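Q: I have a structure open and would like to go through part of it. Could we start with the terms?

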Amino acid sequence: MIKIRTGEEIALLKENALIVSKTLAEVGRHVAPGVTTKSLEVLAETFIRDHGAEPAFLGYEDFPAAICISLNSTVVHGIPSDYALQEGDLVSIDVGTRYKGYFGDSAYTFGVGVLSPENQQLLRITHDSLFKGIAKAVAGNRVGDISAAVQNHVEPLGFSVVRKMVGHGIGTKLHEKPDVPNYGRQGQGKKLADGMVLCIEPMINAGGSGVYLEEDNWTLKTEDHKNSAHFELTVVVRSGKPEILSTFDFIDEYNKTYQA
């Protein structure tokens with residue numbers, strides 16, 4: 001069942017979204033050559049707990065870390081390690097929180113130092129596709145309208161949509177119905193209603209759409225080893241215009257590169 005959230009519930013989801021958004025920005029300030037991904041995880045977990053929340057990913061289906069950190073050709077669910085970031089890397093940070101019985105979830109892909117033109121374009125296109133999808137999160141539309149908006153933005157530009165992973169609803173569980181794919185057809189799928197809360201999250205590859213799972217059963221990588229990017233925001237379906245709960249504004253205060 002797809003749940004319609006009350007005003008009180010949306011307020012609690014917004015509190016989570018704010019913690020997640022500030023966590024992403026705090027981690028992003030420390031993304032630099034030589035910094036280990038494990039140190040970024042420790043920073044994130046400390047920040048989340050200092051704000052009264054719990055890291056939602058830690059222990060979720062036995063995931064071993066507080067946040068996901070996915071590098072370069074890793075699409076999602078990368079596990080933090082002693083790897084030290086290098087100039088030109090792409091690093092996707094995915095953060096989840098649990099606070100007052102509700103959840104928050106958001107992601108942002110940062111560039112480390114100076115990026116190649118190809119990586120800059122991948123980040124820009126993926127970022128922009130997120131907002132193309134969000135614009136369709138309007139009551140009366142269907143999930144396929146969101147999906148098609150993402151797909152129709154990236155594929156004509158030579159990029160690929162990851163089809164094995166999708167966005168999702170969120171509320172008292174981290175992942176709820178409906179699934180929100182990043183590919184599909186306009187007018188298809190579940191009908192959107194005022195008060196639905198969705199995590200819209202394009203995962204876009206520079207090469208083909210194929211992916212594979214590493215032996216840790218978490219790390220999802222591109223088959224052709226080309227880079228991938230991931231951006232995610234939490235959105236309330238509304239009549240006329242969606243309400244975005246999480247935000248990249250705290251990141252944009254110091255990083256102006258990918259603003260739509």
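A: Buried means under 20% relative accessible area, exposed means over 50%, and partly exposed lies in between (1.4 Å probe, protein chains only). Helices (H or I, at least four residues) and strands (E, at least two) are DSSP runs, numbered from the N terminus. This is a predicted model, in which local features need pLDDT of at least 70, side-chain atom pairs count only at pLDDT 80 or more, and totals for chains, interfaces and linings use all residues. Residues are numbered from 1 along each chain as its sequence is written, and side-chain values use heavy atoms, with hydrogens and water left out.

Q: Which way do Val197 and Leu198 point from β9?
A: Val197 points one way together with Cys199, while Leu198 and Ile200 point the other way; all are buried. In a regular strand the side chains alternate between the two faces of the sheet.

Q: What is the strand order in the open sheet?
A: The five strands run β8-β7-β9-β14-β15, with antiparallel pairing; two strands pair if DSSP finds at least two bridges between them.

Q: Why is one side of β8 left without a neighbour in the sheet?
A: β8 (176-180) stands at an edge, as does β15 (243-244), and each has a single partner strand, so one side of each lacks a neighbour in the sheet.

Q: How many bridges join β9 to β14?
A: Four bridges join β9 to β14 (residues 233-236), and valine 235 in β14 is the bridge partner of leucine 198.

Q: And what stands opposite cysteine 199?
A: Histidine 168 does.
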